[in-house]
Amino acid sequence: MSRIQRFEDFIAWQKARRLTDAIYRVTREGRFARDFGLCDQIRRASVSIMSNIAEGFERDGENEFFRYLTIAKASCAEVRSQLYVALDAGYMDDVVFGDLYAQAEEVGRLIAGLRNSVVKRRTEKE
């Protein structure tokens with residue numbers, strides 16, 4: 001198995017990028033676009049996911065990578081929580097909510113898998 005050389009090669013990062021794109025598209029529409037606070041917050045949280053995967057990987061240390069993956073996973077939870085706010089405020093319908101929520105859950109699972117692989121590599125080195 002080849003070692004990943006670029007953060008862009010991680011499926012978790014690729015899917016986080018797609019999630020961020022979808023969040024930006026949804027937050028440009030209708031009443032959601034005028035709720036500057038929530039719009040900005042959910043955008044920042046989605047960007048944080050992909051940014052922390054990238055930054056953690058580029059730090060070249062397993063402990064740092066694990067820490068940044070933890071932050072990225074927490075940002076997934078933040079996005080999911082904010083999606084409920086947007087749904088309850090009527091900024092999106094159940095279908096859009098379900099799609100975005102499922103994407104955020106998938107990204108969170110992928111990040112959890114990356115964290116587990118970091119732990120496994122650290123354990124094998126001991």
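Colleague: Which helix does Ile49 lie in?

Modeller: Ile49 lies in helix 3. Keep in mind that this is a predicted model.

Colleague: Is Ile49 buried or exposed?

Modeller: Buried, with a relative accessible area of 0%.

Colleague: And what is Ile49 in contact with, leaving aside neighbours within four places in sequence?

Modeller: Ala16, Leu19, Ala72, Ser75, Cys76, Val79, Val107 and Ile111. Take Val107 from that list: Ile49 and Val107 are 58 residues apart along the chain, with 8.7 Å between their C-alpha atoms.

Colleague: Ok, now the core. Which residues of the largest nonpolar core touch the most other members?

Modeller: That core has 36 residues, and the ones touching the most other members are Ile49, Ile53, Leu83, Met92 and Ile111. Helix 1, helix 3, helix 4 and helix 5 (94–125) each give it two or more residues. Helix 3 supplies the largest share, nine residues.

Colleague: What does Leu83 touch, not counting residues up to four places away?

Modeller: Leu83 touches Ile23, Ile42, Met92, Phe97, Leu100 and Tyr101. Met92 also turns up with Leu83 among the core residues that touch the most other members.

Colleague: Let me zoom out. How many helices and strands are there?

Modeller: Five helices and zero strands. Read along the sequence, that gives α-α-α-α-α.

Colleague: What does the C-alpha trace span along its principal axes?

Modeller: About 55 × 20 × 20 Å. The chain has 126 residues, and 38% of them are buried.

Colleague: How much of the contact set comes from residues 24 or more positions apart?

Modeller: Counting contacts with a separation of 6 or more, such residues account for 70%.

Colleague: Switching to rings. How many aromatic pairs does a search of the whole structure find?

Modeller: Eight. One of them is Phe10 with Phe65, a tilted pair at 5.7 Å centre to centre, with 40° between the planes.

Colleague: Which parts does that pair tie together?

Modeller: Phe10 is in the segment before helix 1 (11–27) and Phe65 is in helix 4 (residues 62–88), so the pair joins parts that are 55 residues apart in sequence. Phe10 and Phe65 are both buried. Ring pairs also bring in Phe57, linking it with Phe10 and Phe65 into a cluster.

Colleague: What sits over the ring of Phe66?

Modeller: The charged end of Arg122, 4.8 Å from the centre of that ring.

Colleague: Are Cys39 and Cys76 buried or exposed?

Modeller: Cys39 is buried, at 7% relative accessible area. Cys76 counts as buried too, at 0%. Cys76 is also one of the residues in contact with Ile49.

Colleague: There's a serine I wanted to ask about. Where is Ser46?

Modeller: Ser46 is in helix 3 (residues 36–58). Ser46 counts as buried because its relative accessibility is 0%.

Colleague: So what lies 2.9 Å from a polar atom of the Ser46 side chain?

Modeller: The backbone oxygen of Arg43. Setting aside neighbours within four places in sequence, Ser46 is in contact with Thr20, Ile23 and Val79. Val79 is on the contact list of Ile49 as well.

Colleague: Last one. Where is Ala33, and is Ala33 buried or partly exposed?

Modeller: Ala33 is in helix 2 (residues 30–34). Ala33 is partly exposed, with a relative accessible area of 23%; the cut-off for buried is under 20%.

Colleague: Which residues is Ala33 in contact with, beyond four places in sequence?

Modeller: Thr27 and Arg28. As for Glu8, Ala33 is 25 residues from Glu8 in sequence and 29 Å away in space, C-alpha to C-alpha.

Methods. Residues are numbered from 1 along each chain as its sequence is written. This is a predicted model: local features need pLDDT of at least 70, side-chain atom pairs count only at pLDDT 80 or more; totals for chains, interfaces and linings use all residues. Side-chain values use heavy atoms; hydrogens and water are left out. Rings of Phe, Tyr and Trp (its six-membered ring) pair if their centres lie within 6.5 Å; planes under 30 degrees apart count as stacked, over 60 as edge-to-face and the rest as tilted. Helices (H or I, at least four residues) and strands (E, at least two) are DSSP runs, numbered from the N terminus. Buried means under 20% relative accessible area, exposed over 50%, partly exposed in between (1.4 Å probe, protein chains only). A charge sits over a ring if NZ of Lys or CZ of Arg is within 6 Å of the ring centre and within 35 degrees of the ring normal. A polar contact is a pair of N or O atoms within 3.5 Å; within protein, one must be able to donate a hydrogen and the other to accept it, and residues adjacent in sequence count only if both atoms are side-chain atoms. Contact means heavy atoms within 4.5 Å. A nonpolar core is a set of buried Ala, Val, Leu, Ile, Met, Phe, Trp, Tyr and Cys residues joined through side-chain atoms within 4.5 Å.
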